[in-house]
Amino acid sequence: MLNPTITMANCAFLQLTLPIFTLVLILSSNFIQTHSQQFSRRLSKTEMGLKAQKLSHLHFYFHDIVSGRQPTAVRVAEAAVTNSSATGFGLVVMIDDPLTLGPNMSSKIVGRAQGIYGSADLSKLGLLMVLNFAFTEGKFNGSTLSVLGRNAVFSAVRELPIVGGSGVFRFAKGYAEARTHELNFKTGDAVVEYNVLCTPKLHSTHCDIILCCFKCISLWHFTMRMTMFPIFDDVRSFK
C-alpha cells in the first residue's frame with residue numbers, strides 16, 4: 001500500500017512543476033526555430049570573451065616507405081574489389097614512418113608517424129588518415145599529435161585536422177598542411193612535407209574551469225535523480 005500523504009504530495013509537486021517545464025520547452029523551441037533559419041554566423045573573439053592563442057609551428061618531412069626489405073608502411077587488409085578498383089578502394093596500410101628535419105632520410109629524425117591509412121574514395125585517390133605524430137626531439141620528446149582526416153594525395157596542398165594530443169600538446173587543436181615533396185611511381189615510396197599549426201596545452205586555469213563545469217553538471221544530474229525519480233516511481237504505481 002502506498003502512503004496517501006506521500007503520493008498526494010508528489011502529485012501536488014507535479015502540478016506545480018509541470019507548467020514550469022512546459023514553459024521552458026516552449027521557450028526552447030522558439031529559440032531553436034529563431035536560430036535554425038541561419039546556417040552559420042561569424043563570432044568575434046570579443047563577443048565570446050576569447051583571447052588570442054599562441055600557436056606552435058612544426059615543420060618536418062614524412063617518409064612513407066613501401067618498398068625494400070624494411071618497409072615502414074605495410075598492407076594489412078584489403079577488400080574483394082581492391083585489386084580491380086582504380087583507386088585501390090578498401091586497402092588498409094599500417095605505418096611507422098620516420099619524420100625527419102629535412103627531406104632526405106639521412107636528415108635528423110624528430111619522430112615517427114604511427115597509425116593507419118586506407119583508400120576511402122571510389123572515384124579518385126583519397127586516403128582516410130588516422131595516425132599519431134610521436135615526437136622524439138627536444139621539448140616535444142614524448143609528446144604526440146593526433147590526426148584524423150582526408151588526404152587527397154594528388155592535390156598540391158592537403159589540410160588535415162589535428163584532433164588532440166598528449167604531453168605538451170594535451171588538448172591541442174589545429175591543422176596540418178601536407179605537400180608531396182617526392183613520389184616514386186615505380187616503388188610507391190613517398191616523401192611528404194608537413195607544416196603543422198596547433199595550440200599548445202591549456203594552462204592550469206583553463207583545466208580548473210573545465211573540471212569545475214564537469215563537477216557542476218554532475219551535481220545537477222545527481223540532484224535531479226534524487227528529486228525527480230522517486231516522484232515518477234510513485235506516479236507509475238497508480239496504474
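Analyst: A salt bridge here is a side-chain nitrogen of Lys or Arg within 4 Å of a carboxyl oxygen of Asp or Glu. By that definition, Asp96 forms a salt bridge with Arg112, and the closest N and O atoms are 3.1 Å apart.

User: Where do Asp96 and Arg112 sit in the chain?

Analyst: Asp96 is in strand S3 (residues 92–100) and Arg112 is in strand S4 (residues 109–119), so this pair links distant parts of the chain, 16 residues apart. Helices (H or I, at least four residues) and strands (E, at least two) are DSSP runs, numbered from the N terminus.

User: Before we go on, what kind of model is this, and how is it numbered?

Analyst: This is a predicted model, in which local features need pLDDT of at least 70 and side-chain atom pairs count only at pLDDT 80 or more, while totals for chains, interfaces and linings use all residues. Residues are numbered from 1 along each chain as its sequence is written, and side-chain values use heavy atoms, with hydrogens and water left out.

User: OK. How many salt bridges does a search of the whole structure find?

Analyst: The search finds five. One of them joins the side chains of Arg75 and Glu78, at 2.5 Å from N to O. Another is between Lys108 and Glu137, with the closest N and O atoms 2.7 Å apart.

User: What does the pair Lys108 and Glu137 tie together?

Analyst: Lys108 lies in the loop between S3 and S4, and Glu137 lies in the loop between strand S5 (127–135) and strand S6 (144–151), so the pair ties together parts that are 29 residues apart in sequence.

User: New topic. Which residues make the nonpolar surface patch?

Analyst: Val74, Val76, Met94, Ile116, Leu128, Val130, Leu148 and Val163 make a patch of about 620 Å². Strand S2 (73–77) and S5 are the elements that give two or more residues to it. Patches are made of residues with over 30% relative accessible area and no salt bridge; like charges are joined within 9 Å, and nonpolar side chains (Val, Leu, Ile, Met, Phe, Trp, Tyr) within 5 Å. Accessible areas come from the Shrake-Rupley method with a 1.4 Å probe, and for residues only the protein chains shown count as cover.

User: Where is Leu128 found?

Analyst: Leu128 is in strand S5, and at 43% relative accessibility Leu128 counts as partly exposed.

User: What about Thr72, buried or exposed?

Analyst: Thr72 is buried, because its relative accessible area is 14%. Thr72 lies in the loop between strand S1 (56–64) and S2.

User: Which residues is Thr72 in contact with?

Analyst: Leaving aside neighbours within four places in sequence, they include Met94, Asp96, Asp97 and Arg112. Contact means heavy atoms within 4.5 Å.

User: And how many helices and strands in the protein chain?

Analyst: The secondary structure comes to three helices and nine strands. From the N terminus on, the order is α-α-β-β-β-β-β-β-β-β-β-α. Of the 239 residues, 30% count as buried.

Note on methods. Buried < 20%, exposed > 50% of the residue type's maximum accessible area, 1.4 Å probe, protein only.
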